[in-house]
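Here are a few exercises to work through with the model open beside you. Try each task yourself before reading its solution.

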Amino acid sequence: MIEQKIVDPDFLFFEALRTSEYITGSEAVREAIKRANLDMAIAYPITPQSESMHLVGDLYAEGYVKEYYRGENEFAVMSAVAGASMGGARVFTATGGPGTMRAFEMFPTWSGARLPIVCAFMTRGINSPLTIQPDNIEMAFLLETGMIMLHAEGSQDLHDMILMAFMVAEKTDVHIPVGVFVDGFFVTHTRTNVNLFPEDCKLPTYNPYDSPVPVMDMENVPIRQMRDPFVMKSNFISYAAHASWQQEVDAAMERSRKYLLHYLGGLIETEHEDADILVVASGTAVSQSREAIRVARDEGIHVGLIKIKSIRPFPREELRALTSRAQAVVVPEFNRTGWLARELCNVINEPRKVVQGPRVFGGMTMPPELILEEIRRSTR
Amino acid sequence: MKTGMLRISPGFDDIMPSEYRELVDNGPYGQGYAIKDLGSFKELLEEHPLCAGCGLALALRLTLASLPAPEDTVVVGSTGCSALAFPQVALHNIHSLFGNQNAVATGLKRALRLRFPDKVKDVVVIAGDGAIADIGLDMVMQSWLRRENLTTIMLDNEAYANTGGQESGMSVQGAVLNMAPKGKNFPKLSLPEIAQASGCAYVASVSPAKPKQLSKAVRRAILVARDTGPTYVQIYSPCPTNYKINSKETISYIKWREREGLYKTTELISQQAQAFLDTIEEKS
Amino acid sequence: MKTATYKVVVGPEGYLPPAAATRGVTLPDTGQAIMEGALVDVDAAMSAIAQKLVSAKNPVFFPGPLILWDWKPGVAEKAIALKSLAEVVGAKIIPMPDYRPKYPMINPAIEVNPNHPNLTIWHNKIDVCLFIGVHCHYANVALKIIRGGTDCYTVALCAEAGHEDAMISLRDSGICELQRLRELVNELKAGRAND
């Protein structure tokens with residue numbers, strides 16, 4: 001293990017000299033966690049995230065992660081992660097597909113309990129039937145859990161977002177979990193050049209007493225504290241307390257916007273945003289869109305790209321403004337339900353101009369030609 | 001708990017309600033109280049909504065009074081009647097969901113060990129029979145198989161009491177309960193034996209009818225869990241409400257069950273645990 | 001239709017008021033404060049707080065566990081400063097010793113609880129309350145309930161990032177702010193005495 005020094009996250013993210021390495025998505029997870037000054041990681045195997053957590057285990061063996069073990073199922077792992085976070089540790093885990101479903105009850109629990117957990121989701125198709133191939137329908141199910149959701153386009157995003165996620169999650173006025181999503185095998189098992197932060201740097205240590213709720217360690221007050229009790233029993237009338245609590249989690253989500261703006265540079269990224277036709281996408285669909293847009297622009301079609309990096313909180317105002325001029329908005333997705341198109345239709349002024357697709361799912365790849373067809377069709 | 005942490009700030013003594021002043025002036029933190037001292041100190045459990053005659057409430061009070069180090073104990077509970085008492089307990093405690101209490105406790109224990117390497121933090125699971133033997137059996141056993149340094153204490157009222165008295169794995173065969181209108185058709189789980197086979201270094205089955213025995217078991221279990229391995233204590237805590245026992249007769253009901261051989265007290269101690277207990281009990 | 005900036009003003013707002021953060025209200029940056037949903041400079045906020053406290057019919061301070069319990073260095077001094085401020089204001093102090101669901105019933109004359117702070121406010125007819133030393137999550141839960149069902153003006157002296165759901169909130173607030181408020185209150189009272 002090499003000696004690491006704690007650095008200011010702004011220095012790490014914006015100034016430190018990066019080195020490029022040709023690595024897989026799983027390896028990008030390793031590189032991020034190596035610099036995360038992580039207390040604990042808990043693992044459970046499920047394709048395609050197993051390799052990521054193997055590598056995190058190797059980091060534990062090397063000394064970069066202080067505690068690590070394999071749990072017995074995803075619900076148990078996410079529960080243990082909650083216990084560790086309530087105890088004041090910085091903790092990480094990963095899952096995807098059926099694993100996400102198995103653990104599901106814990107996700108809104110994490111948010112309600114104000115736990116700054118970072119969890120990577122390597123999405124894969126949902127049973128029945130079974131497929132291990134990429135499909136991000138699980139993101140639709142997670143939209144209302146109160147977790148921040150960042151969608152990585154590729155390994156670079158995955159690497160950067162994991163580290164930034166800790167810094168956003170741990171802010172006192174945020175302090176809710178962050179899910180960093182990646183479209184399964186497309187990223188985890190493919191190699192690309194990733195610009196890594198210096199390996200002798202690590203994030204500042206998590207201070208659990210910056211938490212907006214007491215830490216479960218018998219070293220802070222109040223002592224008579226349960227996380228989290230049946231509030232409806234308080235004076236027998238506290239239904240408003242539950243409602244107010246839910247609203248507070250929502251508020252925490254809104255507060256995260258300014259930190260996401262600071263670290264990620266924005267909840268979205270745009271290219272040729274003044275174009276007549278816009279392709280709006282997140283995750284791997286952005287990569288495929290880039291190729292389609294390149295060809296379309298060579299053909300003289302005025303088309304631009306909006307890459308959405310943050311699904312929750314959703315960049316409502318940005319999208320409303322950016323899509324107001326466009327004549328057509330194409331939304332390619334790697335899922336059947338079109339959750340991104342639906343989110344977009346909820347916020348833009350003219351939902352009719354949204355092209356609901358192209359969509360592929362169940363592990364199918366999305367040839368750029370599919371997107372190109374929709375772009376060309378939109379010109380007519 | 002850092003020494004002197006539980007102090008009322010200057011100038012606020014006169015406005016703090018009495019239950020807090022009592023906790024500071026006469027609480028059990030760092031005092032080494034035991035059940036023999038009950039009645040002379042401020043108990044950890046404040047006024048709670050459990051029924052008159054509740055065996056669970058009594059078992060909980062005795063358990064809390066038996067903690068070797070309440071000042072450094074964090075409890076992980078689960079949904080059930082005990083979850084209605086725990087907000088009123090003056091210890092940090094976590095309400096897990098239901099069944100995942102041992103998984104939560106595992107994460108918590110390991111985190112506390114990282115953050116306080118030079119201090120002992122006892123993590124104790126206290127939950128009902130539904131949470132431990134049914135919905136949570138998998139995760140409870142896995143924490144034992146992993147040899148986590150946890151104490152698991154079951155408040156066994158042989159039913160899902162808080163939801164209206166449904167049959168649980170710990171109900172006796174033949175008991176007619178909700179969701180078992182024709183009587184339960186499989187035997188009460190023998191969890192002490194399962195605990196031992198799964199790696200628990202110390203296992204006991206007790207009841208509040210014998211408070212000293214209960215207290216000794218809880219104390220032993222927590223001390224053994226510190227370094228030797230996981231431990232399990234099962235406390236028979238009858239529910240007068242769901243079993244239609246007169247609330248004044250909970251203790252005599254327990255005694256009757258024991259006389260009839262329908263509830264057995266046990267103690268299963270591994271060699272390693274026995275050696276450990278011999279050294280510490282010799283000293284005291 | 002852009003979301004109009006919400007005004008965090010005294011209630012009763014109604015059945016379930018929204019969280020101000022979800023209506024476009026943002027927390028202040030370091031060196032700023034927030035007043036009725038708008039970002040202001042700290043001095044303006046402090047003057048307004050002093051003004052509210054002095055003109056209140058029944059101002060009450062709600063200290064939370066982080067200041068009620070002398071649990072770490074620096075708390076005792078802060079507690080003394082708070083008590084001193086309460087004395088010059090003439091404010092009663094009703095503690096929030098913890099956040100647990102109260103069983104069987106809260107005694108609203110002597111306690112406040114984040115699950116139903118409205119009970120304490122109604123019972124004592126509090127028109128201005130001041131939160132300090134309360135964990136941010138519980139303060140936020142309480143502040144919305146107060147705005148919904150009461151006409152109490154809320155002030156939060158937050159040691160962290162501040163509270164959008166309070167009518168006036170400082171951030172990074174500590175003993176200095178308490179001492180400054182005491183000065184401001186004294187000045188106001190002296191001014192009034194001379195009227």
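**Exercise 1.** How many residues of domain 1 of chain A are in contact with domain 2 of chain A, and how many of domain 2 take part?

*Solution.* Keep in mind that this is a predicted model. Start with the bounds: chain A splits into domain 1 (5-209) and domain 2 (268-379). Their C-alpha centres lie 26 Å apart. Now count the contacts, with C-beta atoms within 7 Å as the cut-off: 22 residues of domain 1 of chain A meet 19 residues of domain 2 of chain A.

Next, look at who supplies the domain 1 side. Helix H7 (137-142), strand S7 (148-151) and helix H9 (185-188) of chain A each give two or more residues. S7(A) has the largest share, with four residues. Sorted by type, this side holds 13 nonpolar, six polar and three charged residues.

**Exercise 2.** Which residues have the most contacts inside the largest nonpolar core?

*Solution.* This core has 287 residues, and the ones to pick out are A:Ile162, A:Ala165, A:Val180 and B:Leu108. Helix H8 (residues 155-169) of chain A gives the most to the core, 10 residues.

Now zoom in on A:Val180. Leaving out residues up to four places away in sequence, A:Val180 touches A:Val118, A:Leu150, A:Met161, A:Ile162 and A:Ala165, among others.

**Exercise 3.** How many residues does the contact take from chain C and from chain B?

*Solution.* Chain C puts in 19 residues and chain B 17 residues. On the chain C side, H3(C) brings the largest share, five residues. By type, that side has 15 nonpolar, no polar and four charged residues.

Note on methods. Residues numbered from 1 in each chain as written. Chains lettered and ligands numbered in written order. Predicted model: local features only at pLDDT ≥ 70, side-chain atom pairs only at ≥ 80, totals over all residues. Contact = placed C-beta atoms within 7 Å. Nonpolar A, V, L, I, M, F, W, Y, C, P; charged D, E, K, R; others polar. Core = buried A, V, L, I, M, F, W, Y, C linked by C-beta atoms within 7 Å. Buried ≥ 20, exposed ≤ 12 C-beta atoms within 10 Å, placed from the backbone. Domains from an automatic or database assignment.
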